[in-house]
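Hi there,

Here is the structure I promised to pass on to you. Have a look at it first, and then read my notes below.

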Amino acid sequence: RMNVKKISTGSQALDGLLAGGIETRTMTEFFGEFGSGKTQLCHQLSVNVQLPPEKGGLSGKAVYIDTEGTFRWERIENMAKALGLDIDNVMNNIYYIRAINTDHQIAIVDDLQELVSKDPSIKLIVVDSVTSHFRAEYPGRENLAVRQQKLNKHLHQLTRLAEVYDIAVIITNQVMARPDMFYGDPTVAVGGHTLYHVPGIRIQLKKSRGNRRIARVVDAPHLPEGEVVFALTEEGIRD
Ligand code: ATP
Ligand code: MG
């Protein structure tokens with residue numbers, strides 16, 4: 001765990017839970033129900049990675065792989081403006097890629113190796129969401145084995161990019177809210193073990209009142225247990 005760097009989320013409480021923020025050399029999964037804040041966190045971290053280290057960033061660039069078409073430049077603008085950053089600069093430092101299906105998504109990550117080795121200022125890779133195309137193309141139990149095999153390979157490739165190039169990788173995964181539904185989710189085996197056993201940090205997000213959201217770290221031996229509350233605001237992720 002040497003030389004790991006951190007990117008602030010914008011919430012001191014959430015940063016506290018993560019012992020400083022999202023880590024480089026690690027894949028971090030945000031999972032939770034619709035509207036729990038996964039995509040907003042992806043946007044915020046794509047902006048915050050660009051901040052100088054003294055402000056919680058890495059003076060870096062982001063690659064944003066959007067599988068659901070939910071990326072919004074307006075959100076980036078709002079978040080950049082709220083931080084007093086140059087909006088054009090911030091937008092130029094985000095490589096936006098829309099992935100249209102699993103083959104495309106996999107090919108994009110295959111090609112990233114070349115991009116990140118050419119541009120060492122890339123410090124964040126986002127895949128929002130990592131599972132949606134896989135679920136759509138390989139539905140049901142009969143496709144579970146092949147889906148998991150493909151997804152595992154994809155996740156290992158992302159993990160490797162994180163480790164080799166000192167990059168923070170963020171993936172998102174929509175799961176339903178109720179615990180019984182959660183464990184019934186096809187990407188989660190009975191007993192709560194994910195079917196993909198890829199190293200990394202898993203953060204569960206839950207809706208609370210209004211714009212409040214709850215974050216909890218799942219199974220991270222080096223992080224304290226517990227949950228924190230943060231807020232989704234017009235300016236971005238805040239306490
Ligand atoms: P899904 O699983 O459907 O992709 P998600 O976890 O990605 O959901 P987000 O899109 O991150 O959820 O969160 C949506 C929420 O973010 C909205 O319900 C709203 O509370 C908040 N939000 C989005 N845009 C704004 C904005 N401009 N100002 C304030 N809050 C916003
Ligand atoms: Mg989303």
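**Around the ligand**

A polar side-chain atom of T39 sits 2.8 Å from an oxygen atom of ligand 1, which counts as a polar contact (a pair of N or O atoms within 3.5 Å). Before going on, please note that this is a predicted model, where local features need pLDDT of at least 70 and side-chain atom pairs pLDDT 80 or more, while totals for chains, interfaces and linings use all residues. Residues are numbered from 1 along each chain as written, chains are lettered from A and ligands numbered from 1 in the order written, and side-chain values use heavy atoms, without hydrogens and water.

On its own, ligand 1 has 650 Å² of accessible area, and the protein covers 68% of that (Shrake-Rupley method, 1.4 Å probe).

In total, 15 residues surround ligand 1, with G35, K38, T39, Q40 and Q174 the closest (a residue is near if one of its heavy atoms lies within 4 Å). Helix α2 (38-48) and strand β10 (227-233) each give at least two residues to this shell, and α2 has the largest share, with 3 residues. Helices here are DSSP runs of H or I with at least four residues, and strands are runs of E with at least two, numbered from the N terminus.

As for the whole chain, it has 8 helices and 11 strands.

Happy exploring!

Conventions:
A polar contact is a pair of N or O atoms within 3.5 Å; within protein, one must be able to donate a hydrogen and the other to accept it, and residues adjacent in sequence count only if both atoms are side-chain atoms.
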